[in-house]
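Subject: Handover of the structure

Dear colleague,

I am passing on to you the structure that I have been working through, together with notes on what I found in it. Please look at the sequence and the model before you read on.

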Amino acid sequence: MAGAKNHDYHILAPDIWPVVGALSALTFTSGMVMFMHSDFFGDAWHVVLGLGVAGLIATFFGWFSKIVNEAQRGDHTPVVQLHMRYGMILFIASEVMFFVGWFWSWFDFSLFPSVISDVIGGIWPPESIEAVMDPLDLPLLNTMILLCSGTTVTWAHHSLVHGDRDGLKKGLWLTIGLGILFSAIQAYEYAHAPFDFGGNTYSSAFYMATGFHGFHVLVGTIFLIVCLRRAYAGHFTPRQHFGFEAAAWYWHFVDVVWLFLFIVVYVWGGWGAEVH
(Lines give C-alpha, C1' and ligand atoms only; values in the text may rest on other atoms or scores of the structure.)
Protein backbone atom coordinates (compact mmCIF):
# COMPACT_ATOMS: atom_id res chain seq x y z
CA MET A 1 0.00 0.00 0.00
CA ALA A 2 1.35 3.42 -0.93
CA GLY A 3 2.65 5.40 2.03
CA ALA A 4 2.71 2.37 4.33
CA LYS A 5 5.55 2.24 6.84
CA ASN A 6 7.96 -0.60 6.01
CA HIS A 7 10.88 0.26 8.33
CA ASP A 8 11.67 0.45 12.05
CA TYR A 9 12.58 4.14 12.10
CA HIS A 10 10.43 6.99 13.34
CA ILE A 11 10.22 9.79 10.77
CA LEU A 12 9.23 13.03 12.49
CA ALA A 13 6.66 15.33 10.94
CA PRO A 14 7.48 19.06 10.65
CA ASP A 15 7.12 20.73 14.05
CA ILE A 16 7.19 24.28 15.38
CA TRP A 17 8.83 23.49 18.74
CA PRO A 18 12.47 23.40 17.55
CA VAL A 19 12.04 26.91 16.15
CA VAL A 20 10.28 28.12 19.30
CA GLY A 21 13.03 26.57 21.43
CA ALA A 22 15.81 28.18 19.41
CA LEU A 23 14.18 31.63 19.50
CA SER A 24 13.48 31.25 23.24
CA ALA A 25 17.09 30.30 23.92
CA LEU A 26 18.27 33.33 21.95
CA THR A 27 15.86 35.58 23.85
CA PHE A 28 16.95 34.10 27.18
CA THR A 29 20.67 34.58 26.51
CA SER A 30 20.01 38.10 25.23
CA GLY A 31 18.13 38.86 28.42
CA MET A 32 21.05 37.56 30.50
CA VAL A 33 23.47 39.79 28.58
CA MET A 34 21.17 42.76 29.13
CA PHE A 35 20.99 41.91 32.83
CA MET A 36 24.79 41.85 33.06
CA HIS A 37 24.89 45.27 31.36
CA SER A 38 21.84 46.78 33.04
CA ASP A 39 23.64 50.10 33.33
CA PHE A 40 23.28 50.40 29.55
CA PHE A 41 19.96 48.60 28.90
CA GLY A 42 18.16 49.73 32.04
CA ASP A 43 15.19 47.63 33.17
CA ALA A 44 14.41 46.27 29.70
CA TRP A 45 16.15 43.01 30.58
CA HIS A 46 13.18 42.03 32.78
CA VAL A 47 10.89 41.74 29.76
CA VAL A 48 13.42 40.03 27.47
CA LEU A 49 14.56 37.55 30.10
CA GLY A 50 10.99 36.82 31.15
CA LEU A 51 9.95 36.10 27.56
CA GLY A 52 12.95 33.81 27.14
CA VAL A 53 12.19 31.84 30.29
CA ALA A 54 8.49 31.55 29.39
CA GLY A 55 9.36 30.35 25.89
CA LEU A 56 11.79 27.73 27.20
CA ILE A 57 9.27 26.40 29.70
CA ALA A 58 6.62 26.21 26.99
CA THR A 59 9.10 24.38 24.74
CA PHE A 60 9.90 21.86 27.46
CA PHE A 61 6.23 21.08 28.07
CA GLY A 62 5.23 21.06 24.40
CA TRP A 63 8.18 19.18 22.94
CA PHE A 64 8.60 16.65 25.75
CA SER A 65 4.85 15.94 25.75
CA LYS A 66 5.09 15.01 22.09
CA ILE A 67 8.00 12.66 22.81
CA VAL A 68 5.99 10.98 25.58
CA ASN A 69 3.01 10.59 23.24
CA GLU A 70 5.28 9.08 20.58
CA ALA A 71 6.54 6.54 23.08
CA GLN A 72 3.00 5.63 24.11
CA ARG A 73 1.96 5.19 20.47
CA GLY A 74 4.75 2.68 19.93
CA ASP A 75 6.83 4.91 17.67
CA HIS A 76 9.93 4.19 19.74
CA THR A 77 10.83 0.84 18.24
CA PRO A 78 13.90 -1.09 19.46
CA VAL A 79 15.98 0.56 16.74
CA VAL A 80 14.77 4.03 17.71
CA GLN A 81 15.41 3.30 21.41
CA LEU A 82 18.96 2.19 20.59
CA HIS A 83 19.68 5.46 18.83
CA MET A 84 18.12 7.43 21.67
CA ARG A 85 20.48 5.66 24.05
CA TYR A 86 23.41 6.66 21.84
CA GLY A 87 22.17 10.25 21.96
CA MET A 88 21.90 10.20 25.76
CA ILE A 89 25.39 8.74 26.07
CA LEU A 90 26.80 11.52 23.86
CA PHE A 91 24.90 14.13 25.85
CA ILE A 92 26.34 12.87 29.14
CA ALA A 93 29.79 12.75 27.53
CA SER A 94 29.43 16.42 26.59
CA GLU A 95 28.44 17.19 30.18
CA VAL A 96 31.53 15.35 31.40
CA MET A 97 33.72 17.59 29.26
CA PHE A 98 31.85 20.59 30.66
CA PHE A 99 32.99 19.65 34.16
CA VAL A 100 36.48 18.83 32.91
CA GLY A 101 36.86 22.56 32.26
CA TRP A 102 36.05 23.41 35.88
CA PHE A 103 38.39 20.73 37.21
CA TRP A 104 41.09 21.94 34.83
CA SER A 105 40.86 25.48 36.18
CA TRP A 106 40.89 24.20 39.78
CA PHE A 107 44.03 22.13 39.22
CA ASP A 108 45.68 24.94 37.28
CA PHE A 109 45.10 27.43 40.11
CA SER A 110 46.04 25.03 42.90
CA LEU A 111 49.07 23.27 41.41
CA PHE A 112 50.74 26.41 40.08
CA PRO A 113 49.92 29.19 42.56
CA SER A 114 53.28 30.88 41.96
CA VAL A 115 52.28 31.68 38.36
CA ILE A 116 49.60 34.06 39.64
CA SER A 117 51.35 34.98 42.87
CA ASP A 118 50.32 38.63 42.55
CA VAL A 119 46.68 37.52 42.79
CA ILE A 120 46.71 34.74 45.40
CA GLY A 121 50.00 35.32 47.17
CA GLY A 122 51.75 32.27 45.77
CA ILE A 123 49.88 29.83 48.04
CA TRP A 124 46.77 27.71 47.85
CA PRO A 125 44.19 28.40 49.18
CA PRO A 126 44.93 32.12 48.62
CA GLU A 127 45.89 34.39 51.49
CA SER A 128 42.50 36.12 51.34
CA ILE A 129 40.73 32.84 52.22
CA GLU A 130 40.65 32.82 56.02
CA ALA A 131 38.88 29.44 56.24
CA VAL A 132 37.52 26.73 53.93
CA MET A 133 34.58 24.34 54.15
CA ASP A 134 35.08 21.44 56.54
CA PRO A 135 34.87 18.40 54.23
CA LEU A 136 33.84 16.15 57.11
CA ASP A 137 30.79 18.28 57.93
CA LEU A 138 28.02 19.13 55.45
CA PRO A 139 29.98 18.04 52.32
CA LEU A 140 30.40 14.53 53.75
CA LEU A 141 26.70 14.43 54.67
CA ASN A 142 25.75 15.45 51.13
CA THR A 143 28.08 12.77 49.77
CA MET A 144 26.25 10.12 51.80
CA ILE A 145 22.90 11.52 50.62
CA LEU A 146 23.85 11.29 46.95
CA LEU A 147 25.31 7.81 47.35
CA CYS A 148 22.06 6.69 48.97
CA SER A 149 20.08 8.30 46.15
CA GLY A 150 22.11 6.26 43.66
CA THR A 151 20.98 3.07 45.40
CA THR A 152 17.32 4.14 45.53
CA VAL A 153 17.17 5.02 41.83
CA THR A 154 18.82 1.65 41.07
CA TRP A 155 16.15 -0.02 43.22
CA ALA A 156 13.48 1.80 41.23
CA HIS A 157 15.04 0.67 37.95
CA HIS A 158 15.37 -2.93 39.16
CA SER A 159 11.72 -2.89 40.27
CA LEU A 160 10.57 -1.59 36.89
CA VAL A 161 12.48 -4.25 34.97
CA HIS A 162 10.85 -6.94 37.12
CA GLY A 163 7.36 -5.48 36.88
CA ASP A 164 7.18 -4.17 40.45
CA ARG A 165 5.48 -0.81 39.95
CA ASP A 166 5.08 -0.23 43.68
CA GLY A 167 8.84 -0.56 44.14
CA LEU A 168 9.37 1.78 41.18
CA LYS A 169 7.25 4.49 42.78
CA LYS A 170 8.81 4.10 46.23
CA GLY A 171 12.34 4.20 44.78
CA LEU A 172 11.53 7.35 42.82
CA TRP A 173 9.94 9.06 45.83
CA LEU A 174 13.03 8.35 47.93
CA THR A 175 15.41 9.50 45.21
CA ILE A 176 13.51 12.74 44.66
CA GLY A 177 13.40 13.38 48.41
CA LEU A 178 17.14 12.82 48.73
CA GLY A 179 17.80 15.12 45.78
CA ILE A 180 15.74 17.91 47.34
CA LEU A 181 17.51 17.36 50.68
CA PHE A 182 20.90 17.62 48.95
CA SER A 183 19.92 20.93 47.31
CA ALA A 184 18.61 22.32 50.61
CA ILE A 185 21.83 21.43 52.45
CA GLN A 186 23.97 22.95 49.69
CA ALA A 187 21.92 26.16 49.82
CA TYR A 188 22.47 26.29 53.58
CA GLU A 189 26.18 25.66 53.03
CA TYR A 190 26.41 28.54 50.56
CA ALA A 191 24.52 30.86 52.91
CA HIS A 192 27.02 30.17 55.72
CA ALA A 193 30.20 29.90 53.62
CA PRO A 194 33.28 31.66 55.05
CA PHE A 195 34.08 33.27 51.68
CA ASP A 196 32.16 35.16 48.99
CA PHE A 197 31.74 34.30 45.32
CA GLY A 198 34.23 36.76 43.82
CA GLY A 199 37.51 38.23 44.88
CA ASN A 200 39.92 35.35 44.25
CA THR A 201 40.45 32.26 42.15
CA TYR A 202 39.61 29.82 44.94
CA SER A 203 36.10 31.10 45.64
CA SER A 204 35.27 31.62 41.97
CA ALA A 205 36.38 28.13 40.96
CA PHE A 206 34.68 26.64 44.03
CA TYR A 207 31.29 28.21 43.41
CA MET A 208 31.36 27.63 39.65
CA ALA A 209 32.19 23.91 39.99
CA THR A 210 29.89 23.10 42.90
CA GLY A 211 27.19 25.52 41.74
CA PHE A 212 26.88 24.01 38.29
CA HIS A 213 26.77 20.58 39.87
CA GLY A 214 23.95 21.84 42.10
CA PHE A 215 22.14 23.03 38.97
CA HIS A 216 22.52 19.54 37.49
CA VAL A 217 21.04 18.06 40.68
CA LEU A 218 18.00 20.32 40.25
CA VAL A 219 17.62 19.27 36.60
CA GLY A 220 17.98 15.61 37.56
CA THR A 221 15.38 16.01 40.31
CA ILE A 222 12.90 17.52 37.83
CA PHE A 223 13.74 14.69 35.44
CA LEU A 224 12.85 12.13 38.13
CA ILE A 225 9.66 14.00 39.11
CA VAL A 226 8.48 13.70 35.50
CA CYS A 227 9.31 9.98 35.59
CA LEU A 228 7.31 9.60 38.82
CA ARG A 229 4.33 11.32 37.21
CA ARG A 230 4.61 8.97 34.24
CA ALA A 231 4.96 5.96 36.55
CA TYR A 232 1.63 6.82 38.19
CA ALA A 233 0.13 7.18 34.70
CA GLY A 234 1.34 3.67 33.86
CA HIS A 235 3.59 4.76 31.02
CA PHE A 236 6.62 2.54 31.61
CA THR A 237 6.85 -1.17 30.88
CA PRO A 238 9.65 -3.64 31.67
CA ARG A 239 10.63 -3.69 27.97
CA GLN A 240 10.13 -0.02 27.08
CA HIS A 241 11.19 2.62 29.59
CA PHE A 242 13.90 4.70 27.96
CA GLY A 243 12.62 7.90 29.60
CA PHE A 244 13.26 6.47 33.04
CA GLU A 245 16.52 4.86 31.94
CA ALA A 246 17.85 8.20 30.69
CA ALA A 247 16.91 9.86 34.00
CA ALA A 248 18.70 7.12 35.94
CA TRP A 249 21.82 7.47 33.82
CA TYR A 250 21.80 11.22 34.35
CA TRP A 251 21.41 10.80 38.10
CA HIS A 252 24.34 8.37 38.30
CA PHE A 253 26.41 10.88 36.32
CA VAL A 254 25.54 13.55 38.88
CA ASP A 255 26.60 11.17 41.69
CA VAL A 256 29.97 10.42 40.13
CA VAL A 257 30.75 14.09 39.47
CA TRP A 258 30.00 14.91 43.10
CA LEU A 259 32.44 12.24 44.31
CA PHE A 260 35.20 13.90 42.27
CA LEU A 261 34.16 17.33 43.54
CA PHE A 262 34.17 16.15 47.14
CA ILE A 263 37.62 14.60 46.85
CA VAL A 264 39.28 17.27 44.71
CA VAL A 265 37.59 20.50 45.86
CA TYR A 266 36.62 19.90 49.46
CA VAL A 267 39.25 17.43 50.70
CA TRP A 268 42.36 17.96 48.58
CA GLY A 269 41.70 21.59 47.58
CA GLY A 270 41.52 22.84 51.16
CA TRP A 271 44.10 20.51 52.67
CA GLY A 272 46.05 22.17 55.51
CA ALA A 273 43.86 25.28 55.64
CA GLU A 274 41.74 26.36 58.56
CA VAL A 275 38.22 24.93 58.34
CA HIS A 276 34.97 26.73 59.04
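The notes below begin with the basis of the values, then go from the whole chain to single residues.

This is a predicted model, in which local features need pLDDT of at least 70 and side-chain atom pairs count only at pLDDT 80 or more, while totals for chains, interfaces and linings use all residues. Residues are numbered from 1 along each chain as its sequence is written, and side-chain values use heavy atoms, with hydrogens and water left out.

The whole chain

The protein chain has 9 helices and 0 strands, where helices (H or I, at least four residues) and strands (E, at least two) are DSSP runs numbered from the N terminus. Along its principal axes, the C-alpha trace spans about 75 × 50 × 30 Å. Of the 276 residues in the chain, 39% are buried; buried means under 20% relative accessible area, exposed means over 50%, and partly exposed lies in between, with a 1.4 Å probe and protein chains only. Among contacts (heavy atoms within 4.5 Å) with a separation of 6 or more, 77% are between residues 24 or more positions apart.

The largest nonpolar core

A nonpolar core is a set of buried Ala, Val, Leu, Ile, Met, Phe, Trp, Tyr and Cys residues joined through side-chain atoms within 4.5 Å. The largest one here holds 50 residues, of which Trp106, Leu172, Phe206 and Phe244 touch the most other members. At least two residues of this core come from each of α4 (78-111), α6 (138-161), α7 (165-191), α8 (201-232) and α9 (242-268), and α9 gives the most, with 16 residues. Not counting residues up to four places away in sequence, Trp106 touches Trp124, Tyr202, Ala205, Phe206, Val264, Val265, Trp268 and Gly269.

How α7 meets α9

The axes of α7 and α9 come within 13 Å and cross at roughly 35 degrees; these axes are lines fitted to C-alpha atoms, for helices over the stretch in contact, and angles run from 0 to 180 degrees between N-to-C directions. The crossing is left-handed, a term for a near helix turned anticlockwise from the far one by less than a right angle, with right-handed used if it is turned clockwise. On the α7 side the contact is made by Leu168, Leu172, Thr175, Gly179, Phe182, Gln186 and Glu189, and on the α9 side by Phe244, Trp251, Trp258 and Tyr266. These residues divide into 7 nonpolar, 3 polar and 1 charged, with Ala, Val, Leu, Ile, Met, Phe, Trp, Tyr, Cys and Pro counted as nonpolar, Asp, Glu, Lys and Arg as charged, and the others, Gly among them, as polar.

Serine 110 lies in helix α4 and is buried, with a relative accessible area of 10%. Leaving aside neighbours within four places in sequence, serine 110 is in contact with Trp124 and Trp268.

Phenylalanine 103, also in helix α4, is buried with a relative accessible area of 15%, and beyond four places in sequence it is in contact with Val257, Phe260, Leu261 and Val264.

Threonine 152 has its place in helix α6 and is buried, with a relative accessible area of 10%. Leaving aside neighbours within four places in sequence, threonine 152 is in contact with Gly171, Leu174, Thr175 and Leu178.

Phenylalanine 28, in helix α1 (residues 17-36), is partly exposed, with a relative accessible area of 29%. With neighbours within four places in sequence left aside, phenylalanine 28 is in contact with Leu49, Gly52, Val53 and Leu56.

With best regards
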